[in-house]
Amino acid sequence: MAAILQNLTYQGIPIWRHDQVIQWTAQVVSGFLVVFLVAWFFFNIVGAVDEREIPYGFSFLERAYQTPIGQHFLPYETSDTFLYAFGVAAVNTIVVSIVGVILATLLGIFVGVCRLSGNWLVAKVALFYVEFFRNVPLLIQLYFWFYIVLALPPVREGYAIANRVYINNAGVSMPFPFPDGAAAALFWIALAAAGIIAGAVVQRSLAQREITTGQPSYPLIGGFATAIVVGAVAWVVISLVAGAPLVVSQPGPQGAFGRIAGGFTVSGGLMALLMGLIMYTSSFIAEIVRAGIQSVGRGQIEASRALGLSPMDTLRQVTFPQALRVIVPPLISQFLNLTKNSSLAGAIGFADLTNVAKTMTQTAPAISIFILIMAAYLAMSLTYSLIGNLYNRRIRIA
Amino acid sequence: MAKTVKYIAGIALLVTTVALLACGGEETPAPAPITDPTAPAAATAMPESPTEEAVPTPTEAMHMQAGSRLQTVMDRGNVICASRNDVPGYGFIDASGANVGFDIDLCRALAAAVLNDPSAIEIRLITAAERGPTIQSGEVDMLVRTVTWTTSRDAQWGNYAQTMFYDGQGFMVNRSLGVDSALDLQGASVCVTQGTTTELNLADFSNQNGLNIEALTFEDTAAVVAAYESGQCDAFTNDRSQLAALGTSLADRDAHLILPETISEEPLGPVVPHGDDQWFDIVKTVMSILIYAEAYDVSSSNMPSAATGETKKDRLLGFEGSWGQESLGLDQMAAQNVIRAVGNYGEIYERNLGPSGINLPRENGRNALWSDASCSDCPKGGQIYAAPLR
């Protein structure tokens, strides 16, 4: 302290005009103000909640939810608890998010590359696509797809392809393998996953061999073959010991109303939601991809062409790896946007997290519900950010 | 130097903001709760109202002798009702520009009873949120705007006179499904609007009856109707009055059917301001007149001009005996005036909610009379029932 004071006086200027003093004071004062503001808001909310006797707390999570949920990927009964129902809804959102992110990325890369195509027509169509889908509000697009889906025939007049696939405005139903005995299925899934990892290892080592020795080693074929062989052997062994781990469930009309049961159904609401989210997000991704590709120096492309690489190889081996470094950070925020935009699902009747949670607020404290929703979206977004950042660290130039 | 200035400016701005926020928080007093029935003075009569002087404030009303509102209405020469003009069947603007509907007819019946002139009414158009304050302030003589009777409203708003329509959640289905009861909706997909108790009632109904209904929840009703009409769901559920009103927008209304079951309780009826027992009794009696006129088969078209010899009918029409005309301060022939002006309950229903209106089925539902007209002891299964006129 004394040293600081000495240091200040040493410079021979009054303390209140001393640059460091002013800066420190400003830091301390603004720090206090921030703390004060946050505390003020917090106690205001607590006070208001107490005064109006607004219920809060989380004891409702153990109660039975008792309300039906539209489409759900986890098994659900109305006698299940709020906590489980919340989980069911969260899984719905996670599925939409993952499927949407994968398809939007593929489509976005495709459109982004088309934007740079030398073919005038392809480039202009891609340009139109981007400008149309990113300039029309997402909610309007969702309604558009919703009405397109509604234009399909109703369930009793829908299309039945070979009595296996059913297409109608309630959704598309198809045969799907579901686990029969839980233990056997889990065991097989674990072994199949191990097979995929083994396949990846084989692919990588073969690729390394190809690079170092110059011998053609077919890494992709080797990798896939390894994974398939491991999975198939595991299947046969488990089938012999405990019966088939997965049983294909066939969809079919059921009950007085001919609703399709069994198999796997992509509901009309989910179709419309995915179409809307994918089209909308892919138009932004296309622009990110285009910007990334254009950020790669012209000389790089000319050099690879001079080396005799085909345009496709140039893109795959030279341009894209370098463009990725520019593309990945903004791409992650598009993933986050897609996940958060899926909360518009309520408009078109898909039971996503927000839609279900809003219904929950009628029988459970709204404050608690909204805290849970925020926490759930935050957790999803942070997971995406984490994965994205890890990937970004891997591809950056050391 | 510039940096310092920025800091100071920033701090000044923050301090000012905080000060403003803090002061704003302290200086804004909580508005006095106008729902407090013990402090009616908090509510004020509408100053721009031309009849401001004639309408007693609730405070005055409480201190005045019973019967003051009747006197006020007679002096003023019209009955002021709070109602609506935006829902077909209940209160709507017809092709000629007149405000018509079930609720409006109840107001006209009151005017016919008190002033012998069904057109001596003034309709104040109010929103749903304005209903409580409007009737609490006593600025209107009667509130008839699809108001569900609940105990806390009865305690805080005004007195509910009589349930004139039993609304409640119902189902609409396409006739081609061949469903004639909501209990047949086993495994059906039902579209429902979010944000009301509708969803919860649907869930309860499904659980209680083991129907395993699949609910498709939409944020707004337009999407629900679109999904239902396209067949994405087999049925849609809402309040029956809403079903009927929304039904008018369907491309082929006759292809759709409202199922007879009602799965929630929404009794609707007129409300009068607190603090005037005589006025409360008059409104209840007028509702009784409408209901018993139908039970006794007296309508605007078959009104007898002299005593018929049927005691109940003659007492209703004022030819013999009394149902309390004198004590209520009404004309001996008030019932005749009412029925001649608006008809009996059945006529009002038919005109607004029945086949000539929004086509809400009445037969075998809650809104049928409790008895058959020809045989007052035969139960008709309905719940429309009122204090006997004697």
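Author: A helix here is a DSSP run of H or I with at least four residues, and a strand is a run of E with at least two, both numbered from the N terminus. This is a predicted model, in which local features need pLDDT of at least 70 and side-chain atom pairs count only at pLDDT 80 or more, while totals for chains, interfaces and linings use all residues. Residues are numbered from 1 along each chain as its sequence is written, and chains are lettered from A and ligands numbered from 1 in the order in which they are written.

Reader: Let me start with sheets. What is the order of the strands in the open sheet of 5 strands in chain B?

Author: Strands of a sheet pair through backbone hydrogen bonds, either parallel or antiparallel. Two strands count as paired if DSSP finds at least two bridges between them. In chain B, the open sheet of 5 strands has the order β11-β10-β12-β9-β13, and its pairing is mixed. β11 and β13 of chain B stand at the edges with a single partner strand each, so one side of each has no neighbour in the sheet. From one strand to the next, the twist averages 30°; angles run from 0 to 180 degrees between N-to-C directions, along axes fitted to C-alpha atoms, for helices over the stretch in contact.

Reader: In which sense do β10(B) and β11(B) pair, parallel or antiparallel?

Author: Strand β10 (residues 189–193) of chain B pairs with β11(B) in the parallel sense, over 5 bridges. To find the place in the model, look for B:Val190, which stands opposite B:Ala215 in β11(B).

Reader: And which strands does β9(B) pair with?

Author: β9(B) is joined by 5 bridges to strand β12 (residues 235–239) of chain B, and the two run antiparallel. There, B:Gln169 has B:Asp239 as its bridge partner in β12(B). β9(B) also pairs with strand β13 (residues 256–258) of chain B, again in the antiparallel sense, over 3 bridges. In that pairing B:Asn174 stands opposite B:His256.

Reader: How many residues of strand β9 of chain B are buried?

Author: A residue is buried if 20 or more other C-beta atoms, placed from the backbone, lie within 10 Å of its own, exposed if 12 or fewer, and partly exposed in between. Strand β9 (residues 169–174) of chain B is mostly covered, with 5 of its 6 residues buried. Helix α9 (residues 240–247) of chain B is mostly covered as well, with 7 of its 8 residues buried. B:Arg240, B:Leu243 and B:Leu246 are among them.

Reader: What covers the buried residues of α9(B)?

Author: The cover includes β2, β8 (165–167), β9, α8, β12 and β13 of chain B. α9(B) lies across β9, β12 and β13 of chain B, at about 120° to β12(B). α8(B) lies across β10, β11 and β12 of chain B, running at about 160° to β10(B).

Reader: Why does A:Trp16 count as exposed?

Author: A:Trp16 counts as exposed because it has 8 C-beta neighbours inside 10 Å. You will find A:Trp16 in the loop between α1 (2–10) and α2 (19–51) of chain A.

Reader: Now helix pairs. At what angle do α3 and α10 of chain A pack?

Author: Helix α3 (residues 82–115) and helix α10 (residues 311–341) of chain A pack at about 135°, with their axes 9 Å apart. Angles under 35 degrees count as roughly parallel, over 145 as roughly antiparallel, 65 to 115 as roughly perpendicular and the rest as oblique. α3(A) and α10(A) are therefore oblique to each other. Residues are in contact if their C-beta atoms, placed from the backbone, lie within 7 Å. A:Ser97, A:Gly100, A:Val101 and A:Ala104 in α3(A) meet A:Phe335, A:Leu338 and A:Thr339 in α10(A). This contact has 4 nonpolar, 3 polar and no charged residues; Ala, Val, Leu, Ile, Met, Phe, Trp, Tyr, Cys and Pro count as nonpolar, Asp, Glu, Lys and Arg as charged, and the others, Gly among them, as polar.

Reader: How do α9(A) and α10(A) cross?

Author: The axes of helix α9 (residues 298–306) of chain A and α10(A) come within 10 Å and cross at roughly 160°. α9(A) and α10(A) are therefore roughly antiparallel to each other.

Reader: How many residues does the contact take from chain B and from chain A?

Author: The contact takes 32 residues from chain B and 36 residues from chain A. On the side of chain B, the elements giving two or more residues are α1 (2–27), α7 (198–208), β11 (214–218) and α8 (221–230). That side divides into 15 nonpolar, 12 polar and 5 charged residues.

Key: Two residues are in contact if their C-beta atoms, placed from the backbone, lie within 7 Å.
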